[in-house]
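Visitor: Hi! Could you walk me through the helix packing and the pockets here?
Guide: Happy to, let's start with the helices.

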Amino acid sequence: MNDAVAVTLLTGFLGAGKTTLINHFLTHHADASVAILENEFGAVNIDGALLRGGDNVNVVELSNGCVCCSVRGEFTAALTELLEKRQRGELTFDRLIVETTGLADPAPIIQTFFVEEALREALRLDAVITLVDCHHITRQLDEHPVAASQLGFADRILLTKADTCNAQQHNEALARIHQINNKADLYQIENGVCPADLWLDINAFELGDSNRVTTGFHVIRASDKPEPRFMPFKETKRSWDDAIQAHVFEAGWLDLHKAGAFMEQCVERYGNDMLRYKGVLAIAGNPQRLIVQGVHKVVGFDYGSAWQDDETPQSRLVIIGRYLPVEALRAAFAETVA
């Protein structure tokens, strides 16, 4: 649908600064027509009470449980009710922000927007934005597997509270984040100050030709007109054995049937453990890039732009997954070469 409402899923562990980010957006976009779906544990929603909502802001609160455990229940019902009220003219909003509790796994929430037909037509999942507390992320990853899942599903990562870390803590946090997700652009922010166009309307789920891996992060200072400043990652000798990691598979021209069979087997066998994946593939005999993008077992294929004469066609598949037989997959991917 052309008038589908853009949805931003805002996730991140407890205390990462999700509400602070939303409040900064609401303060500087007083005319924004937005619905915010809040989720908390317990009967009292603290974060919902902290939002600086104006007349154009509609806040819906879910309590007594995590939305990831209520995908077929309260969460879906709340989305449906929002859409029905919008259709009847009782509510007016141009975008929807879903703020999950810090303990929520984004996986079932994301899948809701693809498997529920009515929601799929009326809502367009724009991106998964994950906030990360730089000071505590290492411990959170050690103790709570859901923290790695939140990072793995991210289309964009916003690093907060870096000013409370020393250089070693900062570098190790960045290195560990990048090991888990090397696809998401990473922005270091202060006090929720982040330009709206860096986390809203970024069309992360549209099939596109780009499939680059990040090489650094962007620093945004809390000023009137913050301009991102790119900083390359610093080398670190330490590595972490996180269950969720990003893996890059590269080759040249691929055979279409072999590549298709490889992807089919990956999704069928390991789809439940493939959080996010994207491939831009060079197919022998076809001048266009083949674009592959998926979440778990929900996958899309399409042809993109043609390879240019001054380009060297390259196939690159990036999989962010857990407990994957990486070497076996790497060998199988190599066998798809034309």
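**Helices and pockets**

Guide: This is a predicted model. In it, the axes of helix α3 (residues 74-88) and α4 come within 11 Å and cross at roughly 45 degrees.

Visitor: What does that make α3 relative to α4, oblique or roughly parallel?
Guide: Oblique, because of that angle; angles under 35 degrees would count as roughly parallel.

Visitor: And is the crossing of α3 and α4 left-handed or right-handed?
Guide: The α3 and α4 crossing is right-handed.

Visitor: Which residues meet there, from α3 and from α4?
Guide: From α3 you have Phe75, Thr76 and Leu79, and they meet Ile109, Thr112 and Phe113 of α4. Sorted by class, this contact of α3 with α4 has four nonpolar and two polar residues, with no charged ones.

Visitor: Okay, another pair. At what angle do α9 and α10 pack?
Guide: Helix α9 (residues 256-270) and helix α10 (residues 326-334) pack at about 160 degrees, and their axes are 10 Å apart. The angle is over 145 degrees, so α9 is roughly antiparallel to α10.

Visitor: Which residues make the contact?
Guide: Phe262, Cys266 and Tyr270 come from α9, while α10 supplies Leu329, Ala332 and Phe333. By class, the contact of α9 with α10 has six nonpolar residues, no polar and no charged ones.

Visitor: Switching to pockets: what is the volume of the largest pocket?
Guide: The largest pocket has a volume of about 480 Å³. There are 23 residues lining the largest pocket, and the closest to its centre are Asp155, Lys183, Ala204, Lys278 and Gln293.

Visitor: Which elements give two or more residues to that lining?
Guide: Those are β12 (274-283), β13 (288-295) and β15 (315-322). Of the elements, β12 gives the most to the lining of the largest pocket, with three residues.

Visitor: How does the lining of the largest pocket split by class?
Guide: The lining of the largest pocket has nine charged, seven polar and seven nonpolar residues.

Visitor: And how much space lies in the second largest pocket?
Guide: About 350 Å³ lies in the second largest pocket. This second largest pocket is lined by 16 residues, and Phe114, Leu125, Phe205, Glu206 and Gln293 are the closest to its centre.

Visitor: Which elements give two or more residues to the lining of the second largest pocket?
Guide: They are α4 (106-115), β5 (123-133), β13 and β14 (298-306).

Note on methods. Residues are numbered from 1 along each chain as its sequence is written. This is a predicted model: local features need pLDDT of at least 70, side-chain atom pairs count only at pLDDT 80 or more; totals for chains, interfaces and linings use all residues. Side-chain values use heavy atoms; hydrogens and water are left out. On a 1 Å grid over the protein atoms alone, a cavity is a set of points where a 1.4 Å probe fits but cannot get out, and a pocket is an open set with protein on both sides within 12 Å along at least five of seven lines; lining residues have an atom within 4 Å of a point. Grid points are joined across faces, edges and corners, and a volume is the space filled by probe spheres set on the points. Helices (H or I, at least four residues) and strands (E, at least two) are DSSP runs, numbered from the N terminus. Ala, Val, Leu, Ile, Met, Phe, Trp, Tyr, Cys and Pro count as nonpolar, Asp, Glu, Lys and Arg as charged, and the others, Gly among them, as polar. Axes are lines fitted to C-alpha atoms, for helices over the stretch in contact, and angles run from 0 to 180 degrees between N-to-C directions. Angles under 35 degrees count as roughly parallel, over 145 as roughly antiparallel, 65 to 115 as roughly perpendicular and the rest as oblique. A crossing is left-handed if the near helix is turned anticlockwise from the far one by less than a right angle, and right-handed if clockwise. Contact means heavy atoms within 4.5 Å.
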